[in-house]
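Have the structure open as you read.

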Amino acid sequence: MNRPAAARQPEHPLVASPGRDVAVTVVALVLTAVVFAAVADSGVLAHIQRVDDSWLRLMVSGRSAPVTAVAKVFNVLGLVSITLPVRIAIAGFLAWRRRWWHFAAFVTAIVMSEILIGTLKGIYDRARPPGSLVATSGASFPSGHSIAASVTIVAAVIALVPPGRRRGWWGTGAVAFSILMALSRAYLGAHWLSDAIAGVLLGTSCALLAALVVGALQRRWGGHGPGPPAPPGGQPAADIASPADQR
């Protein structure tokens, strides 16, 4: 007699503390909106530009070969040739594990950010700083590297790490990586400091907002994502593990 197949564990919740996560997301969205509104105002932008100019001069005067090498590594990490395969691998893993809610949150965050990058660059059309140490193209504001790095790593942590202390540590690491990416862009002269800050805020906001919305749907409709229909009188087919899944 065959032993019954083990049931697949339900997906862990995207959002463990809705109240807290709503507050964090709202703060991120407000900060993002403030920065983008400030850069859109010519009078405020003039003051921001003075800070950006001072920061660029500081970066140029403090450049050294080791720091430049590290910054150029971050430049490579933010290229589409790196971020795209990483995103596909994460999405593929989530689909393979049938973590459909987490897959939806991750993909939504990425798609949202990609739409906003081109749209906002076209709207703001800000000139790049002079003398970049790496090749650049397109408008300067906001930083595409900062957006891509932030949304990818924050959305990945939310999708892959269950809520709890471990997610907190991984989240701290994700924020640190995003900040380093932003600083590297300003250090290399590829973006103004305000471009990079706006990019981190926007990428993080996309990841948090996607998780919050999809998490609300997850709580409303159950812990399992869409999959094959449930057999009569049994578990959903998507939640019945094959022998190969029993690890």
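Which residues does Leu14 touch, leaving aside those up to four places away in sequence? This is a predicted model, and in it Leu14 is in contact with Trp101, His102, Ala105, Ile158, Arg167, Ala211, Val214, Gly215 and Gln218.

Leu14 also turns up in the largest nonpolar core, which has 37 residues. Along with Phe36, Phe106, Val151, Ile158 and Leu202, Leu14 is one of the residues that touch the most other members. Helix 1 (18-40), helix 4 (80-96), helix 5, helix 6 and helix 8 each put at least two residues into this core. Helix 8 gives the largest share, 9 residues. There's another core lying apart from that one, with 6 residues, including Met59, Val134, Leu188 and Ala190.

Searching the whole structure for cavities of 30 Å³ or more turns up 1, and the largest cavity holds about 40 Å³ of space. Leu14 is part of the lining here too, as are Phe106 and Ile158. By type, the lining residues come out as 10 nonpolar, with no polar and no charged ones.

| Helix | Residue range |
|---|---|
| Helix 5 | 100-124 |
| Helix 6 | 144-160 |
| Helix 8 | 193-221 |

So what links these pieces?

Terms used. Residues numbered from 1 in each chain as written. Predicted model: local features only at pLDDT ≥ 70, side-chain atom pairs only at ≥ 80, totals over all residues. Heavy atoms only, no water. 1 Å grid on protein atoms, 1.4 Å probe; cavity = no way out; pocket = protein on both sides within 12 Å on 5 of 7 lines; lining within 4 Å. Points joined across faces, edges and corners; volume = space filled by probe spheres on them. Helix = DSSP H or I, 4+ residues; strand = E, 2+ residues; numbered from the N terminus. Nonpolar A, V, L, I, M, F, W, Y, C, P; charged D, E, K, R; others polar. Core = buried A, V, L, I, M, F, W, Y, C linked by side-chain atoms within 4.5 Å. Buried < 20%, exposed > 50% of the residue type's maximum accessible area, 1.4 Å probe, protein only. Contact = heavy atoms within 4.5 Å.
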